[in-house]
Amino acid sequence: MASSPVSRVVYNGKRSGGPRSPGAGGELFTPAHEENVRFIYEAWQCVERDLRSQMGAERGLVEEYVEKMPNPSLKAFKPVDLSDLKRRNAQDAKKS
C-alpha cells in the first residue's frame with residue numbers, strides 16, 4: 001500500500017481561548033475541542049470518499065484491517081451505538 005502524506009492540525013492563534021456557548025446538550029466546547037472534532041470529521045469524510053471512489057477498483061487507497069488471529073476473549077463483543085447511548089443517557093437525565 002502506498003503511503004500518503006500525514007495531515008496535522010496547526011493552530012493559528014486567532015481564536016479566543018474561552019469556552020463557547022452551550023450546545024444542544026448544554027455542554028461547553030472550547031475552540032480546540034471544536035477544531036479537533038472538525039479535523040476528525042473532515043478526515044473521515046476523506047476516507048469515506050476514497051472508499052466510494054475505489055468501488056470496483058482492483059486496489060485502492062483504503063484497506064480494511066482484519067485480524068489474522070482474532071482474540072478469543074472478544075468473540076462475544078458487540079459494538080456500541082454511541083449516538084443511541086448518548087440519547088438514552090440524555091432521556092434518563094431528564095427523567096430524574
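This is a predicted model: local features need pLDDT of at least 70, side-chain atom pairs count only at pLDDT 80 or more; totals for chains, interfaces and linings use all residues.
An α-helix has 3.6 residues a turn, so residues three or four places apart point the same way.

Relative accessible area describes each of them, with buried meaning under 20%, exposed over 50% and partly exposed in between (1.4 Å probe, protein chains only). Asp84 counts as partly exposed at 26%, Arg87 is partly exposed at 45%, and Arg88 is partly exposed at 43%.

## A nonpolar patch

Helix H2 covers residues 82–95 and includes Leu82, a residue that is exposed, with a relative accessible area of 62%. Together with Val80 and Leu85, Leu82 makes a nonpolar surface patch of about 280 Å². Patches are made of residues with over 30% relative accessible area and no salt bridge, like charges being joined within 9 Å and nonpolar side chains (Val, Leu, Ile, Met, Phe, Trp, Tyr) within 5 Å.

Helix H1 (residues 31–53) has 23 residues and reaches 33 Å from its first C-alpha to its last, close to the 33 Å expected at 1.5 Å a residue; the expected span is 1.5 Å times one less than the number of residues. The buried residues of helix H1 are Pro31, Glu35 and Asp50.

Asp50, buried at 17% relative accessibility, meets the side chain of Arg49 in a salt bridge of 3.6 Å, N to O, while Arg49 is partly exposed, with a relative accessible area of 45%. In total, the structure holds three salt bridges.

## The protein as a whole

The protein has two helices and zero strands, both kinds of element being DSSP runs numbered from the N terminus (H or I with at least four residues for helices, E with at least two for strands). Buried residues make up 4% of its 96 residues. The protein exposes about 9300 Å², of which carbon and sulfur atoms supply 57%, and these accessible areas come from the Shrake-Rupley method with a 1.4 Å probe. Among contacts with a separation of 6 or more, 28% join residues 24 or more positions apart, a contact being heavy atoms within 4.5 Å.

## Confidence and conventions

The average pLDDT, the predictor's confidence in each residue from 0 to 100, is 74 for the protein, and 65% of the residues score at least 70. Over residues 1–19 the pLDDT is below 50, and this stretch has 18 contacts in the model beyond near neighbours in sequence.

Residues are numbered from 1 along each chain as its sequence is written, and side-chain values use heavy atoms, with hydrogens and water left out. Local features need pLDDT of at least 70 and side-chain atom pairs count only at pLDDT 80 or more, whereas totals for chains, interfaces and linings use all residues.

Methods: A salt bridge is a side-chain nitrogen of Lys or Arg within 4 Å of a carboxyl oxygen of Asp or Glu.
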